[in-house]
Amino acid sequence: MDITDLHRRSTIIDGLVFFSDGSARDMLAGGVSAINLTVTDMGSDFEQALKDAMTWRQRCAAPDSPWLLVERAEDIARAKHAGKLGLIMGWQNGRPLGDQPDRVALFHTLGVRVIQLTYNEANLLGDGCLEKRNAGLSDLGVKMVKEMNRVGIAIDLSHCAAQTCLDAARHSGKPVLLTHANANAVIPRPRNKSDEVIKAVAETGGVIGCSIHAYLNWRGNPKQQPALEDFVANVRHIGQLVGYEHVGIGTDFPSVDTYEAVRHVMVMSRTKYAASGGDFSNAFGDVMEARYPVETPTPAQFPAFTHALHRAGLGDTQIMGVLGGNFQRAFAQSWASA
């Protein structure tokens, strides 16, 4: 199949978009069908998460909105058919749940469909990837995993500590996800995952969203910005390790009109999380474009992923799976109520 036609026909899902100011322009220009968007800040409490969920519901419901709220897997195809960008409401921290598992059903009612159990630090549910003790899930975290399974919210482990990932995979009866993470075997970085964790995620039926973000792809050369070939190397490693049906794309792009809208996140990443990305920012500065391959500085260049996967030797069916079909399957399984 012609690569341009393959891209146009594919259901394309970005497994993680860390922020949006409401603009869907570049995602739609790149042919993206739906995104797992972080709709509330990583440090949000219960009240702020409620407000943000309602803000995004209203944005999707507005006349002539470019967004379509995704609450069921079939809504992704509906968004593609309508020429809109499917909004999968997600979090990167389970903090708004507090110690109350009944909040899972509340946020599901509001439309939240993906929850990352922890961000970089520990919370009440378990340890994040920068927490040195690596103690895994708490008893409360196990209860939350079971409740997310029951209600139908997908479990994301991208920023979680290794033991938290392994515990969640063991306790979950549905696919667990690494929406945006790469392999330590390819490029060792604090946020990347061991082959053991990748295998555990795949064994649940889960998907690993390979990322283009420099914090996960930088090899430490202050004169060499990560390139698309680094992303492809992760796709190939994980595909050969567990099967290409368990590989997706999680860019960690923002969906904005201008990168000035995320300057606060750039500064936060460098100062608060020096261990996971500050070294890169010290080398290249607080420049969002530098955090992505030169071939894909914005989501508008999404077709470059399709071409890169084709050049890497993946077949059409494998490419369509990586572009979004695999996430679509895993979401459908995760969102089915028990």
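Biologist: Before we start, what does buried mean here?
Modeller: Buried means under 20% relative accessible area. This is a predicted model, by the way. Take Phe331: its relative accessible area is 0%, so Phe331 counts as buried.

Biologist: Nice. And Trp335, buried or exposed?
Modeller: Trp335 has 9% relative accessibility, which is under 20%, so Trp335 is buried.

Biologist: How are the rings of Phe331 and Trp335 arranged?
Modeller: They form a stacked aromatic pair, with 4.7 Å from centre to centre and 10 degrees between the planes.

Biologist: Where do those two sit in the chain?
Modeller: Both are in helix H14, which covers residues 316-335. Phe331 and Trp335 are 4 residues apart, or about one turn of the helix.

Biologist: How many aromatic pairs does the structure hold?
Modeller: There are 12 aromatic pairs. One of them joins Tyr215 and Phe280, with ring centres 6.2 Å apart.

Biologist: Why is the pair of Tyr215 and Phe280 edge-to-face?
Modeller: Their planes stand at 65 degrees, and over 60 counts as edge-to-face, so the pair gets that label. The pair also links distant parts of the chain, 65 residues apart: Tyr215 is in helix H9 (residues 214-217) and Phe280 in helix H12 (residues 274-284). Tyr215 and Phe280 are both buried.

Biologist: Which residues form an aromatic cluster?
Modeller: Tyr215, Trp218, Phe280 and Phe284 form one cluster.

Biologist: Switching topic: which ring does Arg59 lie over?
Modeller: Arg59 lies over the face of Trp56, 4.3 Å from the ring centre. Arg103 lies over the face of Phe46, at 3.9 Å from the ring centre.

How values were computed: Residues numbered from 1 in each chain as written. Predicted model: local features only at pLDDT ≥ 70, side-chain atom pairs only at ≥ 80, totals over all residues. Heavy atoms only, no water. Phe/Tyr/Trp six-rings, centres within 6.5 Å; stacked < 30°, edge-to-face > 60°. Buried < 20%, exposed > 50% of the residue type's maximum accessible area, 1.4 Å probe, protein only. Lys NZ or Arg CZ within 6 Å of the ring centre and 35° of its normal.
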